[in-house]
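Work through the exercises below with the sequence and the coordinates open. Each task is followed by a solution in steps.

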Amino acid sequence: MLRCEGLTQTYLSGGRELTVLKDITFALEDSGFLAIVGPSGSGKTTLLGLLAGLDRPSRGSVFLDGADLGGMTEDQRARLRGDKVGFVFQSFQLIPTLTALENVQVPLELSGRPADERPRELLARVGLAERSHHYPAQLSGGEQQRVALARAFANRPRILFADEPTGNLDSATGGSIVELMLELNRDFGTTIVLVTHDLTLAGRARRIIRLADGVLANDTAA
Amino acid sequence: MTSTGFVLRMAAREGRASWRRLLVLTAAVAVGVAALVAINAFSDNLRISVKDQARSLLGADMALVSRRPLPPLAEAVLDTVSRGGAVARVAQFAAMAYVPRTAGTQLVQVTAAEPGYPFYGEIVTAPATAWSRLHDGANVVVEPALLAQLGAKVGDTLSLGESRLTIIGVTTRIPGDVGVRAAFGARVFIPWRLLQATELLGAGARAEYAAYVRLPADADALKLAGRYRNTLRPERVRIRTVEEDRNNLTETLDRLGNYLGLVALMALLLGGLGVASAVSVFIRRKLDSIAVLRCLGASSGQVFSVYLLQAVGMGLLGSLLGVLGGIVIQQLLPLVLRDFLPVAVSSAPSARAIGLGLVVGLWVSSIFALLPLLTVRRVPPLAALRRDVDPSPSRRDPLTLPTLGLLALSIVALTALQVGNWQTALYFSLGIGGAVTVLWLASLGLTRAVRRWNPARWPYVWRQGLANLHRPSNQTTTVVLALGFGAFLLATLYLVQHNLLRQLDLSGGTGRPNLVVLDIQPDQLAPAESLLKADGLRLTGPVPIVPMRISAINGRPVLRTGDDSVEVDSAAGAGGPGGSQRRAAWAVRREYRSTYRDTLVSSEKLTAGKWWAPGAAPPASPYAVSIEVGLASELNVTLGDTITWDVQGLPVITRITSMREVNWARFEPNFFVVFEPGVLERAPQSALLLTRVDDPSARGRIQRRLVERFSNLTAVDISNVQAAVEKLVGQVTLAIRFMALFSLITGAVVLAGAVATSRYQRVREGALLRTLGATRGQILRVVIAEYAALGLIAAIAGLGLAVAAAWALARWVFESPFGVPASVAGLGILVVAGTALIGLLNSRDVVRRAPLEVLRGE
């Protein structure tokens, strides 16, 4: 499903080359649930961005569902994301000018699929059927993240990337969000890549990759 | 297409929630479009009115016009063309009117007409029968203003020259008459057959003689005019036709409309600046959403389209509102321009103007939105994930330069569309570009300067206010451009008006004459002088005036050709190569009213040659003349050239011995040509006298006594002339200022928008500062410091540009001296104070809301 080889990311910082990720190689099977953990600054989020095709690596390559991201233009990658990828962000990232329902509709509309039934079902699934016409500002943090989850699953993605999805939530709410993610992983067979520094949360994953200073320090599957 | 579907739906949803943020865009476009629609609709209606009323403007199919009674050749032409039609003769001249009952005198413009005039159109009178009864007796119909001026009423006797006439009515409408004309004397109509009896048109009197012709139905006025024009030109008889008159008038009015439209276009372009600034702020707030959309798989093109569509939608709304506003303002324009219009203009909306306004408004809002929208294309999706990724792309979009080019091209094209001339459009656009560059540099200099030299010793509030000018996402450039441009336009108009009027300041200097007595015949001179002196007045003059024409230059006769613009000498002489020299036709053909004297006067300066020595040897042919420099270049003559004059039939050969520069703006008797004394003393001539009477009522009394005693004299009260000129200039500038006002309104909209967009940031900053212990007063002073600095730099740059522009106009267009009045500084202070005020009004929230409320709302 997801494979990366020799993934290296360097930035220029104050005239010096700064290596954020160094030679990361691993592969993830279909319907897997991977957690990437590590202290802040270890390169977790950078890795997630590269795996999802949000950025280009300095070296190395990423294959998402068999497609080599390195050979694609930004718009081609955007189309791939629209077809096969879902996202959940730490800060929810709902579009503030759209209602909950409309936020969930966006991925479907982008790919030109009918956007009537499924968004409502998904909102009901995350327990927000009653609040589908509310704007993000009218929802609590946990509710916003549930809308974000519904949005992430709207286009039946093959893979879901989640960046600290519970980082802005209290532990009880965070726990319910993780439950929901597991449920959806089970029901839809979606591969999940989760970035977190919460070890309890990571413990729910079937596989854990630990990063330290940009190097793959430990892989429970290895 | 699914992509289109998404873009449309997304734009609609986004727009539903965020249209308020783009209201500035809408307002900025609306003001400019309103001005444009109003002026263009007005021009269209004017053109239609001129077309419809063209025949009544001339009052005939054709007219033969001359400064002298029509010569025999013209009479012969008249006989030929009017066969089967009709002729009405008309003479027009200025004279003094006097009403014995009220003892009022007034300078009037007399029209003596034969029955039948005008053949087309109608002079409407009150009572309605007055016009038809005009020729029944010794009657006169006058403009209503004259009755007020003389304190007279219908039925009174009006004395005009040697005639006593009965006022039988007033005109209520004269076709083709322009309101400002009345400033130079009310119009009075008398029967043609009474013209002789007035004895006003003696030798040398200034009058225009015309024969109005109604042609037979099958005649073609243009063809006839073409056939006889060249025959009559050497006789100094012009031929006017309806069609040519209409074309000339349409051309003049079009030019007026075009240039007023240009002022409107400037408001719209300034609005474009508001569009760009509003969109740029709008996009900055949307970067997060854009990054998310990119994460969710939206292509850069789709996202770009979503936001372009919103900008265009609000631009369309602005254009529609502008059209509505334009239709309302259009009703006001005839009032502002009333005195310049020879026709009644309807205020019906014009489809062309509305369509043009919509298209231009939409185009301006799209093209100006494009540049800030380019940012959208390069927002990295990674920004949704990482807070530390700057969502505003640093690299320049490759489309930036093409977009800028398109923008520049659009400005030239829009201007060309408005003035109908590519060259003017190009110059105008370059001017705008120059002004914008100067203003941009000024704002850049300001931010650089305060960053580098923010004086550490200044009080905190001032340093904070100045520091705000270069904080991230500041609006310094936008505000300086918008305000500076508005100030530039208004100050330029103000300076031009001031300099034109200052030049015409006739009352200045207490010793200057303010009463001129014209047309004094030689036998009237002594009694007139003693009449004035009896009142203890000090006289200037008499200044003799001798009418003459040029018959030859350097021995070669002139005026034997029909060339329209220039006179070409016959190549007979031993002149230059090819033997032809170009001379301006008007200068060769005109009647010269020359004088003779032995000294220069104060309004003249010798620029070449030598003035004749007083008391020198008696003059001999060729006699010495001094010529005005401007005329010399028109005539293409210089020192040493000879000019042969036709003085009432007698040839007088002269040689140019000096050239003078003349300040024509001084209302003093100035002359193109001055003869040395001892040549023209015996020629037929009249004289003028000048004097100064400070008390206006005494001035009126003296005018009256002169006219009672010498009915042919014209006494001109220069303060009236000055008032008329001021009124004229005032009305021209009122029209322009009215249009320039829209630029100022747009500038204020852009400023308010700029302030409003940073309000959120300010409210947070204010809350933070107050948490740290700042008082409301301190925070308000920070705001004042920031906006006063903005206003100051905009005012300095705008006024500086205006001074440069007005100087250039004075130097090359009006050819007048130039000065900057202190009152311009007042305009500057107004800009600074206004800016600070708008800043303060928009910052009320900063101090009104509780700090905790703001910080928790984060």
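**Exercise 1. An open sheet**

Task: Determine in what order the 4 strands of the open antiparallel sheet in chain A are arranged, and which of them are edge strands.

Solution. 

Step 1. The order is β2-β1-β4-β5 (chain A), with antiparallel pairing.

Step 2. β2 (16-28) and β5 (67-68) of chain A each pair on one side only, and are the edge strands.

Step 3. For the pair formed by β1 (residues 2-13) and β4 (residues 59-64) of chain A, there are 5 bridges in the antiparallel sense. One residue pair to inspect is Thr8(A) with its bridge partner Arg59(A) in β4(A).

**Exercise 2. The largest nonpolar core**

Task: State how many residues the largest nonpolar core has and which have the most contacts inside it.

Solution. 

Step 1. The core has 318 residues, and Ala264(B) and Val517(B) have the most contacts inside it.

Step 2. Helix α8 (residues 242-295) of chain B contributes the most to this core, 25 residues.

Step 3. Take Val517(B) and leave out its neighbours within four places in sequence: its contacts are then Ala528(B), Leu688(B), Leu689(B), Leu706(B), Leu713(B) and Ala715(B).

Step 4. As background, nonpolar side chains tend to be buried together in soluble globular proteins.

**Exercise 3. Where the chains touch**

Task: Describe the side of chain B that touches chain A by element and by residue class.

Solution. 

Step 1. The contact involves 23 residues of chain B and 26 residues of chain A.

Step 2. On the chain B side, the elements giving two or more residues are α1 (2-18) and α8 of chain B. The largest share, 8 residues, is from α1(B).

Step 3. Sorted by class, this side of chain B has 10 nonpolar, 7 polar and 6 charged residues.

**Exercise 4. Backbone exceptions**

Task: Locate the cis peptide bonds at Pro118(B) and Pro127(B), and the positive phi values of Arg156(A) and Asn636(B).

Solution. 

Step 1. As a reference, most peptide bonds are trans, and most residues other than glycine have a negative phi.

Step 2. Between Tyr117(B) and Pro118(B) the bond is cis, with omega near -10°. Pro118(B) sits in the loop between β3 (104-113) and β4 (124-126) of chain B.

Step 3. The bond from Ala126(B) to Pro127(B) is cis too, with omega about -5°. Pro127(B) belongs to the loop between β4 and α4 (130-133) of chain B.

Step 4. Arg156(A) has a phi near 45° and lies in the loop between α5 (141-153) and β7 of chain A. Arg156(A) has 15 other C-beta atoms within 10 Å and is partly exposed.

Step 5. Asn636(B), with phi about 60°, is in the loop between α18 (629-635) and β19 (642-647) of chain B. Asn636(B) has 17 C-beta neighbours inside 10 Å, so it counts as partly exposed.

**Exercise 5. Confidence**

Task: Identify which elements of chain B have the lowest and the highest mean pLDDT.

Solution. 

Step 1. The model has ipTM 0.81 and pTM 0.71. For chain B the mean pLDDT is 80, and 89% of its residues reach 70 or more.

Step 2. The lowest mean among its elements is that of β14 (residues 566-568) of chain B, at 42, and the highest is that of β5 (residues 139-142) of chain B, at 91.

Step 3. Residues 561-580 of chain B have pLDDT below 50, and this stretch has 35 contacts in the model beyond near neighbours in sequence. Where pLDDT is low, the predicted coordinates should not be read in detail.

Note on methods. Residues are numbered from 1 along each chain as its sequence is written. Chains are lettered from A and ligands numbered from 1 in the order in which they are written. A nonpolar core is a set of buried Ala, Val, Leu, Ile, Met, Phe, Trp, Tyr and Cys residues joined through C-beta atoms within 7 Å. A residue is buried if 20 or more other C-beta atoms lie within 10 Å of its own, exposed if 12 or fewer, and partly exposed in between; C-beta atoms are placed from the backbone. Two residues are in contact if their C-beta atoms, placed from the backbone, lie within 7 Å. Ala, Val, Leu, Ile, Met, Phe, Trp, Tyr, Cys and Pro count as nonpolar, Asp, Glu, Lys and Arg as charged, and the others, Gly among them, as polar. pLDDT is the predictor's confidence in each residue, from 0 to 100. Two strands pair if DSSP finds at least two bridges between them.
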